[in-house]
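This report walks through selected features of a protein chain.

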Amino acid sequence: MPVLLSAKDLHLSYGPQQLLQGVSLVIESGERVGLIGRNGCGKSSLLRILAGGSAPDSGEVVLSRDLRIGYLPQEFELDDSLGVAANIAAGAEALTSLIHAYEHEENPGRQAALLEQIENQGGWNLEARVKSLATELHAPPLDAPVATLSGGEKRRVALCRALASHPDLLILDEPTNHLDTTAIHWLENALTTFSGGILFVTHDRRLLDTCATRMIEIDHGRAYSHPGNYTAFLESKAAREQIAGQTERRRQRFLRTELEWVRAGVKARTTKSRHRLEQFYEVADQSSPPETRDIDPLIPPAPPLGGRAVELKDAGIRFGSGENERWLFRHLNLRLQPGTCTGVVGPNGTGKTTLLRLCLGEIAPTEGERIAAPRIVANHIDQNRIHLTDSNSVLQELSEGKETVDFGGTPLGARAYLRRYLFAGDRANDRVETLSGGERARLMLAKLFLAGGNFLVLDEPTNDLDLASLQALEDALLSFSGTILCVSHDRFFLDRVCDQIIAFEPDGIFIQEGNYSAYREIRSRQEKQNQALQKAAQPTNTRTTDRKRREKSGPRRLSFSEKRELETIEPRILEAEEKAATIESLLNDPEFHRTRYHEAPTLTTELESLKSEISTLYDRWQELENITENKG
């Protein structure tokens with residue numbers, strides 16, 4: 001495949017901190033490369049260098065000739081003086097310049113060359129492409145002024161702008177931020193079918209598993225390439241770390257063996273002695289593998305709740321009055337039980353945060369009732385982290401500056417507790433306003449978990465956390481004995497920790513036992529069944545043809561083999577659905593992912609095959625039933 005971009009020996013420092021130390025990489029056409037690493041390791045800085053937005057301290061970046069790059073930075077800028085449509089079209093500025101040149105070119109030869117370039121880039125479809133992108137990503141109306149949009153709406157416009165140019169190379173920094181699950185599914189399909197090259201940073205592990213063909217990890221300034229998706233990367237990294245650990249153990253064993261000889265003060269008079277001494281110092285000068293620490297959350301034991309935490313009975317929320325009256329939802333019956341985690345999903349603006357506030361008791365239902373356990377102690381982490389005071393230090397924010405904190409009735413050193421969230425040593429004295437997004441998220445979690453309680457309400461808790469911190473958070477929540485209610489667009493997170501899904505859908509609220517994948521599969525199956533029923537109820541060209549054929553040669557009847565097929569098709573459907581359910585249950589089991597994760601790709605492929613088989617069987621079953629119904 002042709003090389004789109006290559007970078008060689010990139011170095012970058014900010015003050016004393018070395019972010020990139022000799023990073024080299026190559027991106028080929030057709031590759032979808034996921035770039036991962038801990039918060040603050042330099043991922044966004046590297047993307048900015050590769051996109052031409054900044055320069056490294058040293059090293060070089062080489063682009064293929066006439067390369068078109070679509071770039072979505074984490075901190076993007078839009079033109080507030082323009083509307084949504086104009087901002088999206090600005091992503092195809094090179095293409096619009098070609099169209100402008102073509103319209104004003106008088107030389108026939110030059111005009112023909114410009115026309116060929118425009119057609120190759122799909123220039124005449126630009127307006128339709130802008131409308132399609134805005135629709136699929138749920139962007140604001142095309143005639144809306146950008147200056148009045150929220151941060152999330154602006155990010156959708158910026159993502160549309162990056163995709164508008166029909167680029168050869170997409171460089172995306174956290175493209176799923178502020179996207180709901182429907183838009184993420186669309187983006188996932190768009191990236192998977194994209195014909196050019198892609199380099200993207202994301203904390204969405206499902207997106208990495210589905211889309212990535214190669215992973216690059218930035219670790220202590222170095223770049224490590226791993227073929228395959230995120231699951232393959234985990235296996236490859238485990239092997240790499242095992243080898244590094246074995247090498248370090250051999251190094252330490254050699255140093256212990258040679259140290260006594262060196263301490264004995266043997267004079268290096270012979271060539272052999274000098275060589276041995278030089279070898280000792282050479283090995284001693286080698287650095288140990290850098291230590292990587294992960295957050296280690298502690299959650300105080302949850303006080304007992306009884307049989308339920310919160311229950312909603314026939315509850316509804318209404319806004320406005322008269323002609324402006326609008327119901328967010330009605331007749332909602334929900335029970336949140338101890339020891340369970342309930343995930344809330346749905347498009348932005350449909351009422352997910354309002355449901356959280358209702359369950360917390362911050363607002364009363366317009367109709368119906370909310371019943372809470374008498375001993376309920378709620379804790380809430382806000383999506384926007386508004387509960388942090390920028391002027392405080394980290395220690396003041398956690399404990400009002402005290403050196404001890406109350407951890408479930410037991411005194412605990414505040415600084416020792418903060419070390420579990422990677423605020424070691426003097427970092428406890430850093431002001432909150434200087435913290436990165438990931439550090440603010442970790443501090444918010446530290447405050448939330450320290451407060452304890454038995455009802456955790458989390459609004460987008462995975463925002464700004466790196467992959468290692470996400471896994472640690474999931475492990476902590478899985479061990480929590482209280483009740484958890486969370487809004488999240490992270491499908492991997494929802495799969496791993498949730499026992500129940502509340503989905504805000506166009507036709508109402510749907511509540512499903514199980515994790516997110518189970519919800520998606522059941523809804524997909526129901527939609528296929530509904531489509532089959534609607535198809536059977538509507539007259540089609542095939543039925544018209546069948547009717548004409550019956551008028552000429554009598555009604556169409558099932559053959560002997562088709563009768564046998566109809567008799568066996570329902571048991572075959574049930575058998576395939578049982579197999580699919582068994583695999584889904586296995587893939588949704590956290591223990592499976594801890595002990596048998598290497599089987600996941602094979603089982604996922606088998607599950608997709610079963611889903612396709614079930615769909616085919618349903619279609620065939622409907623076809624045979626239609627023949628039976630029409631035989632008379």
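## Overall make-up

The protein contains 21 helices and 20 strands, as assigned in what is a predicted model. Of its 632 residues, 43% are buried, and among the contacts with a separation of 6 or more, 67% are between residues 24 or more positions apart.

Among the buried residues are Gly438, Glu439, Arg440, Ala441 and Arg442, together with others including Leu443, Met444, Leu448 and Phe449. The elements against which the buried residues of H14 pack are strand S14 (378-381), helix H12 (394-399), S15, H13, strand S17 (455-459) and helix H15 (467-478). After H14 comes Gly452, which has a positive phi, near 70°.

When its neighbours within four places in sequence are left aside, Glu439 is in contact with Phe423, Arg427 and Thr434.

## Aromatic pairs and charges over rings

The count of aromatic pairs in the model comes to six. In one of them, the ring centres of Phe407 and Tyr417 lie 6.3 Å apart with the planes at 50°, so the pair is tilted. This pair links distant parts of the chain, with Phe407 in strand S15 (residues 404-407) and Tyr417 in helix H13 (residues 414-419), ten residues apart. Both Phe407 and Tyr417 are buried, and ring pairs join Phe407 and Tyr417 with Tyr421 in a cluster. S15 and H13, the two elements linked by the pair, are also among the elements that the buried residues of H14 pack against.

Elsewhere, the charged ends of arginine residues sit over aromatic rings, as the table sets out for Arg330 and Arg523.

| Charged residue | Ring | Distance from the ring centre |
|---|---|---|
| Arg330 | Trp327 | 4.1 Å |
| Arg523 | Phe510 | 4.0 Å |

## The sheet of S11, S10 and S13

Three strands, in the order S11-S10-S13, form an open sheet with antiparallel pairing. Strand S11 (326-336) and strand S13 (367-372) stand at the edges, and each has a single partner strand, so one side of each is left without a neighbour in the sheet. From one strand to the next, the twist averages 25°.

How many bridges join strand S10 to S11? Strand S10 (residues 310-319) is joined to S11 by seven bridges, and the two strands run antiparallel. Within this pairing, Glu311 has Arg335 in S11 as its bridge partner. Helix H11 (residues 352-360) lies across S10, S11 and S13, and runs at about 130° to S10.

Technical notes. Residues numbered from 1 in each chain as written. Predicted model: local features only at pLDDT ≥ 70, side-chain atom pairs only at ≥ 80, totals over all residues. Heavy atoms only, no water. Contact = heavy atoms within 4.5 Å. Phe/Tyr/Trp six-rings, centres within 6.5 Å; stacked < 30°, edge-to-face > 60°. Helix = DSSP H or I, 4+ residues; strand = E, 2+ residues; numbered from the N terminus. Buried < 20%, exposed > 50% of the residue type's maximum accessible area, 1.4 Å probe, protein only. Lys NZ or Arg CZ within 6 Å of the ring centre and 35° of its normal. Pairing = 2+ DSSP bridges. Axes fitted to C-alpha atoms, helices over the stretch in contact; angles between N-to-C directions.
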